Amino acid sequence: CMHLLPTHQIIQLYRHFIEKIAPQVVIITETNVPHEENVSYFGDGFNEAHMVYNFTLPPLLMHSLHQQDVSVLTRWAKSLVLPSDQTCFFNFTASHDGVGVRPLQGIVSDDDINALAEVARAHGGFVSMRDNGDGTQSPYEINCNYFDFATSPGEPDELRVQRFLLTQSVMLTMPGVPGIYYHSIVGSENDRQAAIDSKINRRINRAKLDYQSLAEELSRQGTLRERVFTRYKAMLAARKNQQAMDPYGAAEYECQGPVFMIRRGEGEAVLLAVHNFSSQPAIVEGLPTEATDLLSGETLAGTTCQLQPFEFRWLT
């Protein structure tokens with residue numbers, strides 16, 4: 001029944017009564033479908049969902065990272081127009097399910113989607129296929145832990161963490177409410193054996209964690225989990241005090257070569273998040289003078305800075 005008029009009318013009915021009975025409640029829709037169908041659940045901005053899962057973001061970030069090209073990401077981000085100031089996206093990258101690739105249809109080519117599926121397989125993941133109705137199949141969902149999907153096998157842990165956190169920085173600085181899967185914040189990796197034993201591909205990203213073992217890894221300096229957890233917490237601590245991170249606030253997007261830039265806020269509350277999606281250093285120009293990086297505390301001299309491979313900065 002997805003996308004039928006009566007389906008939308010049911011959601012409108014929910015919205016009508018919830019506003020009367022429990023106006024603090026937020027309706028969120030979870031429709032893992034091509035982007036235009038997904039955002040249709042905002043309705044006119046006042047009569048359907050308050051929030052919609054941003055299903056295009058997870059696979060598009062992976063496409064941009066592995067292509068080291070942010071042109072499509074920038075063009076798509078600029079197209080994100082909300083119908084009212086009472087709506088926003090629920091931004092996420094990972095969940096208990098896989099990374100759906102149908103939301104990429106119409107944004108990147110089928111060849112690019114197939115290439116992304118091959119990346120996932122090379123990184124230890126699986127690909128769930130869908131029947132196209134004509135005897136052929138195409139990727140429907142990539143089943144791979146997002147950390148492993150973002151990183152290349154055999155890379156040093158420091159580089160793997162940097163590549164992964166680059167994707168999380170984009171998710172955290174875009175307008176909307178961020179949703180963080182617990183395996184992401186504690187630096188989990190593929191649980192391939194669970195998927196193989198159960199014959200359920202999604203189990204690869206649903207590892208059952210032992211509390212004592214997890215606590216020990218998180219507290220021991222230098223472990224993969226500790227590196228991810230410590231830096232992720234620092235990003236959340238920096239984010240929560242920034243007026244510019246208003247979920248309903250506007251954003252401006254641009255790119256300079258492989259650098260994806262998100263400008264949030266107004267006046268003295270402006271925050272500029274810059275992300276180098278390249279394995280090579282990149283120069284960013286046109287920065288505000290004496291900008292301070294919220295994540296490192298460093299104050300930059302001049303209006304340019306060099307970003308190291310996959311480096312990102314939050315500048316105010």
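**View 1. Helix α7 in the predicted model, shown over residues 157–173.** The helix is 17 residues in length and spans 24 Å between its first and last C-alpha atoms, close to the 24 Å that would be expected at 1.5 Å a residue. Helix α7 is mostly covered, since buried positions account for 14 of its 17 residues.

**View 2. The packing of helix α7 with helix α11, the latter formed by residues 224–240.** Because angles under 35 degrees count as roughly parallel, α7 is described as roughly parallel to α11. The crossing of α7 past α11 is right-handed. On the α7 side, the contact involves Asp157, Glu158, Arg160, Val161, Gln162, Phe164, Leu165, Gln168, Ser169, Met171 and Leu172, and these meet Leu224, Arg227, Val228, Arg231, Tyr232, Met235, Leu236 and Arg239 of α11. Sorted by class, this contact of α7 with α11 comprises 10 nonpolar, three polar and six charged residues.

**View 3. The packing of helix α3, residues 57–67, with helix α7.** Here the axes of α3 and α7 come within 11 Å of each other and cross at roughly 135°, and the two helices are therefore oblique to each other. The passage of α3 across α7 is a right-handed crossing. Helix α3 contributes Leu57, Leu61, Met62, Leu65 and His66 to the contact, while α7 contributes Arg163, Leu166, Thr167, Val170 and Met171. By class, the contact of α3 with α7 contains seven nonpolar, two polar and one charged residues. Met171 of α7 is listed both in this contact and in the contact with α11.

**View 4. Leu82 in the loop that links helix α4 (71–78) to strand β3 (88–92).** The relative accessible area of Leu82 is 29%, and this residue is therefore classed as partly exposed, a category that lies between the buried limit of under 20% and the exposed limit of over 50%. When neighbours within four places in sequence are set aside, Leu82 is in contact with Phe42, Thr87, Cys88 and Phe89; of these partners, Cys88 and Phe89 fall within the residue range of β3. For Leu82 and Leu294, which stand 212 residues apart along the chain, the separation between C-alpha atoms is 28 Å.

Terms used. Residues are numbered from 1 along each chain as its sequence is written. This is a predicted model: local features need pLDDT of at least 70, side-chain atom pairs count only at pLDDT 80 or more; totals for chains, interfaces and linings use all residues. Side-chain values use heavy atoms; hydrogens and water are left out. Helices (H or I, at least four residues) and strands (E, at least two) are DSSP runs, numbered from the N terminus. The expected span of a helix is 1.5 Å times one less than its number of residues. Buried means under 20% relative accessible area, exposed over 50%, partly exposed in between (1.4 Å probe, protein chains only). Axes are lines fitted to C-alpha atoms, for helices over the stretch in contact, and angles run from 0 to 180 degrees between N-to-C directions. Angles under 35 degrees count as roughly parallel, over 145 as roughly antiparallel, 65 to 115 as roughly perpendicular and the rest as oblique. A crossing is left-handed if the near helix is turned anticlockwise from the far one by less than a right angle, and right-handed if clockwise. Contact means heavy atoms within 4.5 Å. Ala, Val, Leu, Ile, Met, Phe, Trp, Tyr, Cys and Pro count as nonpolar, Asp, Glu, Lys and Arg as charged, and the others, Gly among them, as polar.
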